[in-house]
Amino acid sequence: MTYDIQPAGSHFIDGAYVEDTAGTPIPVICPYSEKQIATVHAATPAIIEQALTSARRAQKDWAAMTGTERGRVLRRAADLMRERNHALSVLETHDTGKPLQETLVADATSGADALEYFGGLAGALTGEHIQLGEDFVYTRREPLGVCVGIGAWNYPTQIAAWKGAPALACGNAMIFKPSETTPLCALKVAEILHEAGAPAGIYNVVQGMGEVGQALITDPRVNKVSLTGSVPTGRKVYAAAAEGIRHVTMELGGKSPLVIFDDANLEDAVSGAILGNFYSSGQVCSNGTRVFVQRGIKQAFLDRLTERLKDVKMGDPQDESVNFGPMVSQRQMEIVQGFIAKGLEEGARLVAGGDRVGDRGYFLQPTVFADVTDGMTIAQDEIFGPVLSVLDFDEEDEVLARANATDFGLAAGVFTQDLTRAHRMVAGFEAGTCYINTYNLAPVEAPFGGSKLSGVGRENSKAAIEHYSQMKSVYVAMGAVEAPF
Ligand SMILES: NC(=O)C1=CN([C@@H]2O[C@H](COP(=O)(O)OP(=O)(O)OC[C@H]3O[C@@H](n4cnc5c(N)ncnc54)[C@H](O)[C@@H]3O)[C@@H](O)[C@H]2O)C=CC1
């Protein structure tokens, strides 16, 4: 099967596509052709109201089903997603510009993993029994209610599923607002869930910019918000959620360290640096963009890295042999070009790349800077593009302190053959996800999330259940009630 690029309606509400052309038009631009390939409209107040009303209504019945019944729907949706992986990947490649080679293995498949995993857990969600002499307490694990998910543009299918799967497993309804830059794929996730048997209204998708997100998260009928986005947006969304004391999960940005000791397997370390900087053209939140290389292997590392960059193949991202796509948008390309200029201006040594490629498609060369120092802008700010900075170091204590000298705390990695040093390093890293001798894997079975400014809460794994459900304690007295008078 193939999907039409232009969706049947901008929004998916109450089990069907809906449209309201009174909303601001949002052009969908293909990052390769730079052509407009579809148009959706931002949700109007009437659309937002429809989404909230239907989610609220649907949630009660969904929560009343058994976990096994809910899980069956999610697992069916996982199967449909895998069957349609190719069509979903083609669509996501149109939307994001990421090479089909990547979207085929890392987007809908990862979304399907989440649906399958949480589908399996749904029937196993329980409270506990606490005996207190003859009396006892039992706890009920209950859903939060209506959850709002707000997505970034780099993994639109995956994010829509990663938020939807645990929310639905716990008996919540979800209203998902994709990024206005990549609005297409979440609609397919909604369609698939509906086809798999999710009741109308349990997973709605509405389009729009920040205002639509704000309108959703400030509505008193909303109980939780989960955002994947930048730190500045996280601050606004967290503050708005605080007004109503709503539950939050914040998956925000990063500036993660990747530390390579001179005893590391060089080839693996270079592979880790490539995965942590150039996959998805560098548009990955957990990227290890500050690559600390111990002085003894610095030159060998740079030589091998630049050698391997010769295998980069840019071109039409729908061509499966292409392994490096354009940036998601002209704006993102210009932001990254600004950082490259800043790196040069502040004295970093350009070892590879640095330029735009061609005049069609938002392609930037994979870029490597050496001799980067801690204070440089490219070593401090999240770039969200294919820019790798190599920083030199000598000692373990020194590099750990420098690795942690950032307000972010999403991820961190270490390459070394010394087992005890690897574990010492990860114990010392101030980050939510750490890697030893690899980088950037995010299996659904493992918690994923940040510390410090990179966020609160965890996605995936059993940990996500705590963020989409709440415990009710029930005290049961077996004897007479004692009172002072
Ligand atoms: N920690 C994680 O899991 C991930 C984090 N990210 C982070 O996301 C950022 C890149 O994505 P962008 O889409 O550019 O982020 P962004 O912060 O500009 O937008 C994220 C989403 O928030 C919405 N939004 C913006 N203002 C809002 C407001 N006031 N109220 C409610 N919603 C609002 C946007 O419409 C969009 O859907 C990077 O900083 C990256 O590190 C990206 C992927 C994964």
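1. In this predicted model, Glu251 is in contact with Leu227, Thr228, Gly449, Gly450, Gly455 and Glu459, once its neighbours within four places in sequence are set aside. Glu251 itself belongs to strand S11, which spans residues 247-251.

2. Glu251 counts as buried because 29 C-beta neighbours lie inside 10 Å, where 20 or more are required. The "active site" annotation of the unreviewed UniProt entry covers Glu251; this assignment comes from the record and may be inferred rather than shown by experiment.

3. The domain assignment gives domain 1 as residues 11-252 and domain 2 as residues 257-436. Their C-alpha centres are separated by 31 Å. To the contact between them, domain 1 contributes 16 residues and domain 2 contributes 19 residues.

4. On the side of domain 1 that touches domain 2, helix H3 (85-96) and helix H4 (100-106) each provide at least two residues. The class composition of that side is seven nonpolar, six polar and three charged residues.

5. For Cys170, the separation from Tyr468 is 298 residues in sequence, while the C-alpha to C-alpha distance is 6.4 Å.

Methods:
Residues numbered from 1 in each chain as written. Predicted model: local features only at pLDDT ≥ 70, side-chain atom pairs only at ≥ 80, totals over all residues. Domains from an automatic or database assignment. Contact = placed C-beta atoms within 7 Å. Helix = DSSP H or I, 4+ residues; strand = E, 2+ residues; numbered from the N terminus. Nonpolar A, V, L, I, M, F, W, Y, C, P; charged D, E, K, R; others polar. Buried ≥ 20, exposed ≤ 12 C-beta atoms within 10 Å, placed from the backbone.
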